[in-house]
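Let's take a walk through a protein chain together. Have a look at the sequence and the model first, and then we'll go piece by piece.

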Amino acid sequence: MADVLFSSLVDRLHPCGPVLNAGAADYVIETLYEVANAEGWRDVLRQAEDAIRPVVAASPYLAGIMRRDPQRLRETLISAPEARLKAILLATEALEQQAATVETLDIPAAKKVLRHLKADCHLLTALADLGDVWGLDHVTAALSRFADAVTCAALALVVREEHDKGRIDPARLKGHEAERGVLPGLFVLAMGKHGAGELNYSSDIDITFFCDLERLPVTEQVDPQTFADRVARGVSTVLSERTGDGYVFRVDLRLRPDPSSTPTVVSVPFALNYYESVGQNWERAAFIKARPVAGDMIEAKAFMNDLSPFIWRRSLDYPAIADVHSIKRQIHVYKVDERLEAAGANLKLGAGGIREIEFFAQTQQLILGGRDPSLRSRRTLDALDALRRAGHLAPAVAKELKQAYVRLRDWEHRVQMIHDEQTHDLPENDEDRMRVAVLAGFSNLSRFDLAVSRTLRLVNSHYGELFSESESLSSSFGSLVFTGVEDDPETIKTLSRMGFEHPEQVAATIRSWHHGRIPATRSERGRELFTRLVPRLLEALNETGTPSIAFNRFASFFVTLNAGVQIQSLFLANPKLFHAIVEIMGFSPRLAQILARHPTAFDAMLDAGFFDPLGDELDELVRREVERVPLDLEAVMNALRRIGREQQFRIGMQILNGRLNTEAAGAAYARLADACIHHLAPLSLEDIVRQAGRLDGQVAILALGKLGSQEMTATSDLDLMAVYLPDDPSSVSTIKGWAPETWFGRFTQRLISALSAPTHEGQLYEIDMKLRPTGAKGPVAVSLAAFENYYDKDADTWEFQALTRARIVWSSSADFADLVRLKVETILRRQRSKAQTALDVLAMRALMEKERPAKSFWDFKLSVGGQVDAEFAAQYLQLVHAEAGGPLRVGTLAALSAIQRAGLAPAAEIEALSTAWRVQQSLAQVMRVSLTEQDDPHHEPEAFQRKLARAVHTRRLDTLEKKLRDIRKRARLAFEKIVNTSDG
């Protein structure tokens, strides 16, 4: 019998028990006596009653564990705590062995046993903790050892299930080393408190799965990545799924690289590349505590060894302090109550809480651990001791922080014991908080509250001292000194490490800026701000993956700035804006060129709503800009070129940072073009009236192509058609006597010129009129009668296809706009042969493939399975079903969706075409705003490649290409199935 456990519990808790309501405890105690009487261990329970009664009264969770399985309580009471823990761990490890050796294993039963063992471990740990038989180190170690064991067991059970389903090749398992575990190639790292052996009483476990996919012993027909992901999710389910027997551990898999876009199991090469290229300081801090716990230990140790340079950098990484401190500020703003009183205090994330002690140790480990391996302890208490021994922490401070850490963790455990909740908040309610106080050995709530508040304030004061230093002007890569007239050798090394191809040139340029040789740094204040900006600039340029190119583009922009003080102050105060500018320099030559040639485009970014979603306010923005200038054609042309450039830049930025999706981006570009036409068309009309006199009649401008369908990209031209209706066909203009064809033709030419002619403000749009009746050979404006006659007698099928995207963007009157819309719909709804239409569409597509083949793999429009296939299919379906009232939509996706809802085409084919169009439009939006047609994404930074790859939910360009080929293949098959020559 474990007398020491009884006596410790009685000594510590019994004096506090009377302050709690014992009524709830009586029922549980009576239930336990009923079982104990029947099974012959009444004496054991009677001896323990005074010890467990306060526990039962304070903790409904522990009371429930005892009541549901009194035998569990008996085993805990009659065993020495260490022996009981050993038995629990051995039983857990036995399940892992059975999964590998037992021929017919009852896996559901094994999963149930794991949940029972978890309850065994929790009851033992709680009683040993509450009785102070085990100190904090012993408690957290016991929980962590159990978490290790159940993770191994869960992995073994899931692998056994996969083996039984025939997905594992037994031949590939034979003869492998024991250290490779149950599944060679895959391993699990414990992160956070689990990795450090500091697991909370009711914590989740942070585990990450990594894998050498080529080593996985899967059968030939099984995809390794899919298999690995299924195993990881299976382990998570085994541990976290709640059943009638409870759960084992909540599992958090989000500490893997970029969890929103990576698979559940990350390949080792990808992970190493990720951490080496874009790993953040917080990820370095997380890996301080990382530890292999399950799976292939050979691979795990190799991975951790390869990752060591990422975690432990030899250069003093002072920016890491600011970075980790910024994370702490975010936690305060968004997640916790900042009070330093006990009621409602967050013992983990709040001011003076556990996280501050952890950051206190981790930030100094990140700064100093690269040069001093003795500081690389996983456990917080060990890290504080190491910092003290190395002289980086005063002995008195180390002692106070360690004591505070133990107290905070003890109280945190008691909060969690009450309901087995993953919480760190002390209750606001006095009665509820008294339960925590009792479990902590306090019989008086005021004394407990005082102890908590003193501890929080002590920790917070030391934490504040740590972050009281001024900001660093060096870099995580090393020194950055640009004073004097000669290169600093260490700075040149730093720039080389940061990836600059010609570090001497970079240093010379920055030094010249420091010397005030450009407008932005001519003032003392400008140079002062620039000194603070330089480290952030160089770090940001390094992150683009092409720092030399990005620096040159930034330089072209920076030297043109006149408002140096204001803009540099803005960059320092708004890192988001600053990084957006640097991202342009690294990822978007087109936008960088706009900034370099027209620095005023930057002014748009100063608008508070620059990153707000784009909607109908584009019309209002354009209107306000036009109202600021004299109402004449030339002034409005220049104003629209300025606002057009700014808003195209804004749309491009929102595409790059993911704020605009595919459809919204195309619509935004189209709305901007619509607004420009809306203001220029009436002025062009007035200009013709002044020149040639009035000619009574109506005119409308139809948009076709991507403007008509509102699917524009950054490089789209405007496909326009002008349709007019004179009041009297025989009338002429009052001054020059022009006939209607000439008069309305001159108006159209004036509008084209207003939209496309270069001025000192640049060019607005390229205009394409080839889709009008008779194409380039015909008049630029066509009468409504000729328009009807042409589509009635002479138009080819491809011209009807083009007309499905017709949209009126401006008209001299609303009535005429309605009339033209009616005429267009009437034309489209005429009877036509389905077989002949299909034949014509197929012939036109074949002709395009012959005469206008795709320029490269990245030609999203003309590639086989590209956007044209989806567009042609949508247009064909609209044409052949229009007579019967089928839907007519100008947009490709809208048309396909409407057709599917109407049941006019198979859903699978529509989905294949919609996916192909959407994915390729998404890629086109990013590439058109970033690159020229000649640029190859393979030559762009990896970060830009990842941005492209997100269109198909991956991070690698080669995976993107593979998926895109498959998408195109399915789209082409769908196109061929839909567009067929059978009338059936």
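**Starting from the inside**

Begin at Leu 755, which touches Arg 641, Cys 676, Ile 677, Leu 680, Leu 718, Leu 720, Leu 764, Tyr 765 and Ile 767, leaving aside residues up to four places away in sequence. Touching, or contact, means heavy atoms within 4.5 Å. Before going on, a word on what you're looking at: this is a predicted model, where local features need pLDDT of at least 70 and side-chain atom pairs count only at pLDDT 80 or more, while totals for chains, interfaces and linings use all residues. Residues are numbered from 1 along each chain as its sequence is written, and side-chain values use heavy atoms, with hydrogens and water left out.

Leu 755 and Leu 538 are the residues with the most contacts inside the largest nonpolar core, which has 155 residues. Helix α30 (residues 662-692) gives the largest share of this core, with 16 residues. There is also a second, separate core of 123 residues, and among its members are Ala 58, Leu 127, Ile 168 and Val 238. A nonpolar core here is a set of buried Ala, Val, Leu, Ile, Met, Phe, Trp, Tyr and Cys residues joined through side-chain atoms within 4.5 Å. As for "buried", that's under 20% relative accessible area, with exposed over 50% and partly exposed in between (1.4 Å probe, protein chains only).

Now zoom out. How many helices and strands does the chain have? There are 41 helices and 10 strands, counted as DSSP runs and numbered from the N terminus (helices are H or I with at least four residues, strands are E with at least two). The C-alpha atoms fill a box of roughly 120 × 80 × 60 Å along the principal axes. The chain has 984 residues, and 58% of them count as buried. Take the contacts between residues at least 6 apart in sequence: 74% of them join residues at least 24 apart.

Next, the strands. Strand β7 (residues 718-726) is mostly covered, with eight of its nine residues buried. On one hand, β7 pairs with strand β6 (residues 697-704) in the antiparallel sense over eight bridges, and here Gln 698 stands opposite Leu 725. On the other hand, β7 runs parallel to strand β8 (residues 767-768), joined by two bridges. Two strands count as paired if DSSP finds at least two bridges between them.

Strand β1 (residues 186-191) is another covered one: six of its six residues are buried. Leu 186, Val 188 and Ala 190 point one way, Phe 187, Leu 189 and Met 191 the other way, and all are buried. Six bridges join β1 to strand β2 (residues 205-211) in an antiparallel run, with Leu 189 partnered by Thr 208. β1 also pairs with strand β5 (residues 291-295), antiparallel over four bridges, and there Phe 187 stands opposite Gly 295.

α37 gives the most to the lining, with five residues. By class, you'll find 16 nonpolar, 12 polar and 16 charged residues. (Ala, Val, Leu, Ile, Met, Phe, Trp, Tyr, Cys and Pro count as nonpolar, Asp, Glu, Lys and Arg as charged, and the others, Gly among them, as polar.) A pocket is an open set of points on a 1 Å grid over the protein atoms alone, where a 1.4 Å probe fits, with protein on both sides within 12 Å along at least five of seven lines; lining residues have an atom within 4 Å of a point.

Finally, a few spots in the loops and helices. Most residues other than glycine have a negative phi. Gln 710, in the loop between α31 and β7, has a positive phi of about 55° although it is not a glycine. Asp 132 has a positive phi too, about 60°, and its place is in the loop between α7 (107-130) and α8 (136-164).
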